[in-house]
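Here is a short briefing on one protein chain. Keep the sequence and the model in view as you read.

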Amino acid sequence: MSQNNALEGSIPSLDPAFDPSSPDYDTPRARQKRKQLSKEIDKQLTQEERERQQKKRYTVLLLGAGDSGKSTFLKQLILVHGKGFTLQERIEFRYYILNNLVNSLRTIIDQIEHTGGSVKMDRKQLQRFQKFEVERNEVLPQDIVSSIWNLKGDEAVLKAIDDPTFYKDDTFSFFFNKLESVLKPMFTPSDEDVLNCRRVTEQITETFFEIKDAVWSMVDVSGQRDKRSRWTHYFDKNVSGVIFLVSCVGYCQVLAEDPTVNRMDDALELFTQLTHNTILKLDSIIVLLNKIDLLEERLQKYPIKQHYPKYLGQNDKKSWLEYLATEFEEAADPTRVRTRTFKTQATDTNLMKKIIVSVQQCVVERTTAEIGLA
């Protein structure tokens with residue numbers, strides 16, 4: 001992701017040899033100049049690649065259940081150690097923001113109707129909204145915008161949003177509460193919007209960062225239940241570290257794939273299976289207890305014991321996070337794996353800068369110890 005831009009501006013734009021509209025563009029001299037520049041660029045790229053190969057390399061797996069914040073963590077790395085996001089990438093995120101908004105509202109409507117309720121909307125208009133598909137690089141039609149605003153004031157929708165038994169992703173409310181800007185025709189997502197945009201990881205992605213004198217490869221895999229079997233393909237590779245993200249507000253939520261399964265139970269079961277898998281040759285795993293910014297509000301609205309009866313502690317942030325840290329530590333195979341836990345908010349860039357530094361130190365220390373240099 002992070003590449004050297006030393007070649008930018010190296011092509012003399014006013015030179016006829018590099019201007020296809022110039023009558024001298026196809027002369028032997030012009031062709032020779034272009035050929036020479038191409039060789040110089042290839043030489044520079046080869047040198048940069050050689051230097052990159054000589055640097056220390058670390059490969060880190062980003063694991064966790066769906067909606068735990070893996071992709072947000074990766075986006076923070078792009079902001080902190082990459083080049084940030086281009087305008088085209090932001091426009092692509094606009095599509096996902098609008099698509100998530102429409103799909104979430106459709107899901108909420110379906111759940112309301114499934115439980116015997118209804119929304120106050122003309123039947124024809126509702127059918128149009130239910131069938132509508134957001135298109136890339138297209139502005140939302142005015143009638144769809146009107147439907148969203150109608151749903152914003154609908155009592156059944158507002159009640160469903162507050163009901164933890166109704167599935168919705170954690171960032172839905174963030175965008176639903178700023179419709180005035182999101183629904184503008186020329187809406188361009190900010191860094192905060194990009195970080196809060198949920199984009200389901202369907203494929204394994206590998207992103208490279210050059211941090212100081214090392215190259216870091218971050219491998220992000222899907223946390224959805226039907227995609228987890230692909231994780232083991234990476235366990236026997238040269239993995240330097242594993243970061244396992246946990247949504248600390250999952251105690252009052254259910255899986256999108258199976259509404260009978262509590263998200264926290266699923267995360268613990270997944271972590272247990274991961275740390276007992278003998279294919280994974282690691283003696284330590286970093287656990288990030290994520291979404292701490294949402295915890296205070298959730299604790300007030302949804303007391304832990306009402307949704308997670310096995311918890312016997314106090315209904316406060318400190319007690320709950322200490323409980324989770326202990327649960328994940330004890331879930332790991334103590335003869336093989338040690339856990340290192342951090343409390344995080346993946347959407348907070350300043351906090352994540354500190355977390356990223358700590359994570360890097362943990363991985364470097366572990367790798368150094370492994371080769372006997374500690």
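Helices and strands here are DSSP runs, numbered from the N terminus; a helix has at least four residues and a strand at least two. With that naming, helix α3 is followed by Gly116, whose phi is positive, near 90 degrees. The model is a predicted one. The points below cover the sheet, the helices and some loop residues.

**The sheet**

- Six strands form an open sheet with mixed pairing, in the order β2-β3-β1-β4-β5-β6.
- Strands β2 and β6 (338-343) stand at the edges with a single partner strand each, so one side of each has no neighbour in the sheet.
- From one strand to the next, the twist averages 25 degrees.
- Strand β2 (residues 205-211) pairs with strand β3 (residues 214-220) in the antiparallel sense, over seven bridges.
- Within that pair, Phe208 has Ser217 in β3 as its bridge partner.
- The hairpin of β2 and β3 has two residues between the strands, and Lys212 takes a positive phi near 55 degrees there.
- Leu61 has Val219 in β3 as its bridge partner.
- In a regular strand, side chains alternate between the two faces of the sheet.

**Helix lengths**

- Helix α2 (residues 70-81) passes the same kind of check: twelve residues should span 16 Å, and its end C-alpha atoms are 16 Å apart.
- The buried residues of α2 are Lys70, Thr72, Phe73, Leu74, Lys75, Gln76, Leu77 and Ile78.

**Two helices packed together**

- Two packed helices are described by the angle between their axes and the distance between the axes.
- Helix α11 (residues 263-275) packs on helix α14 (residues 317-331) at an angle of about 35 degrees, and their axes are 9 Å apart.
- The crossing of α11 and α14 is right-handed.
- From α11, the residues in this contact are Met264, Ala267, Leu268, Phe271, Thr272 and Thr275. From α14, they are Trp320, Leu324, Glu327, Phe328 and Ala331.
- Sorted by class, the contact of α11 with α14 has eight nonpolar, two polar and one charged residues.
- Both helices also lie across strands. Helix α11 lies across β1, β4 (241-247), β5 (284-290) and β6, and runs at about 165 degrees to β4.
- Helix α14 lies across β4, β5 and β6, and runs at about 160 degrees to β6.

**Loop residues to look at**

- Gly69 lies in the loop between β1 (56-64) and α2.
- Is Gly69 buried or exposed? Gly69 is buried, because its relative accessible area of 11% is under the 20% cut-off.
- Gly69 and Arg198 are 129 residues apart in sequence, yet 8.7 Å apart in space, C-alpha to C-alpha.
- Leaving aside neighbours within four places in sequence, Gly69 is in contact with Leu245, Asn290 and Ala346.
- Most residues other than glycine have a negative phi.
- Asp67 is not a glycine, but its phi is positive, about 65 degrees. Asp67 lies in the loop between β1 and α2, and at 10% relative accessibility it counts as buried.
- Lys291 is not a glycine either, and its phi is positive, about 70 degrees. Lys291 is in the loop between β5 and α12 (295-301) and is buried, with a relative accessible area of 11%.

Notes. Residues are numbered from 1 along each chain as its sequence is written. This is a predicted model: local features need pLDDT of at least 70, side-chain atom pairs count only at pLDDT 80 or more; totals for chains, interfaces and linings use all residues. Side-chain values use heavy atoms; hydrogens and water are left out. Axes are lines fitted to C-alpha atoms, for helices over the stretch in contact, and angles run from 0 to 180 degrees between N-to-C directions. A crossing is left-handed if the near helix is turned anticlockwise from the far one by less than a right angle, and right-handed if clockwise. Contact means heavy atoms within 4.5 Å. Ala, Val, Leu, Ile, Met, Phe, Trp, Tyr, Cys and Pro count as nonpolar, Asp, Glu, Lys and Arg as charged, and the others, Gly among them, as polar. Two strands pair if DSSP finds at least two bridges between them. The expected span of a helix is 1.5 Å times one less than its number of residues. Buried means under 20% relative accessible area, exposed over 50%, partly exposed in between (1.4 Å probe, protein chains only).
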